[in-house]
Amino acid sequence: MDHLSAPQATSPCGTRLTTGPFDLGEAILLVDEQLVPKGWQPKYLPLTPVPDAMRVFAVGRRMSAAGYGQDLFVALRRAIITDQENDGADCPRAGAVIAHVEQHRPIIMYFGDEECMLAECDHPHTDGICTGMTPGPAVCVSCSAYYDSGSEWGPEWIDAFRVEWPCAPVRAVADHYEIPLPEREVPARG
Ligand SMILES: [Zn+2]
Ligand SMILES: [Zn+2]
């Protein structure tokens, strides 16, 4: 199977455009003939074919409260699409607002022992989550800073720059459309 990629081009003034998918030959042609001569900086973003991605999504389920905040995102999308200022779902203005808000989805942090974190404990699981762990705050992935520590724990959050969800961009859109934000009780850490 061809390896597909989505070439991403950045101009000297910072305009960034991602297009494709292309196979490697097409991507190289685009870079050599269109981007480089016109001063754009290319980058290849690898694309995973949809069936492969579906398989990874299904088996690669991470320990998280899947779908938390989903109701709010459905309500936001509906409000954006039916906004009188937008011309339905396909207009650029609606697409821009949906793309803007979509990246601010939450994940829920958990506190627990090492065995629980690595799913090596004997506790019962509810919805794939060990009941021996304590749920912590919901965090916005886009607004928070983290780095790949290379450990089995996954990304390392930088506490000083961790932003709880719903974050300001989500609040701004929800407030504009007068959509109530979800309430969530976070048990005290203990
Ligand atoms: Zn955010
Ligand atoms: Zn456990």
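**Reading a helix pair and some backbone features**

Me: At what angle do helix α4 (residues 92–102) and α6 pack, and how many Å apart are their axes?

Reply: Two packed helices are described by the angle between their axes and the distance between the axes. In this predicted model, α4 and α6 pack at about 135 degrees with axes 9 Å apart, where axes are lines fitted to C-alpha atoms over the stretch in contact and angles run from 0 to 180 degrees between N-to-C directions. The two helices are therefore oblique to each other, given that angles under 35 degrees count as roughly parallel, over 145 as roughly antiparallel, 65 to 115 as roughly perpendicular and the rest as oblique.

Me: Which residues make the contact?

Reply: Val97, His100 and Val101 of α4 meet Pro169, Val170 and Val173 of α6, contact requiring C-beta atoms, placed from the backbone, within 7 Å.

Me: Which peptide bond involving Pro166 is cis?

Reply: The bond from Trp165 to Pro166 is cis, with omega near 5 degrees, and Pro166 lies in the loop between β10 (155–157) and α6 (168–176); helices (H or I, at least four residues) and strands (E, at least two) are DSSP runs, numbered from the N terminus. Another cis bond joins Gly20 and Pro21, with omega about 5 degrees.

Me: Is Glu178 buried or exposed?

Reply: Glu178 counts as exposed because it has 7 C-beta neighbours inside 10 Å, the cut-offs being 20 or more for buried, 12 or fewer for exposed, and partly exposed in between. Glu178 follows α6, and its phi is positive, near 55 degrees.

Notes:
Residues numbered from 1 in each chain as written. Chains lettered and ligands numbered in written order. Predicted model: local features only at pLDDT ≥ 70, side-chain atom pairs only at ≥ 80, totals over all residues. Contact = placed C-beta atoms within 7 Å.
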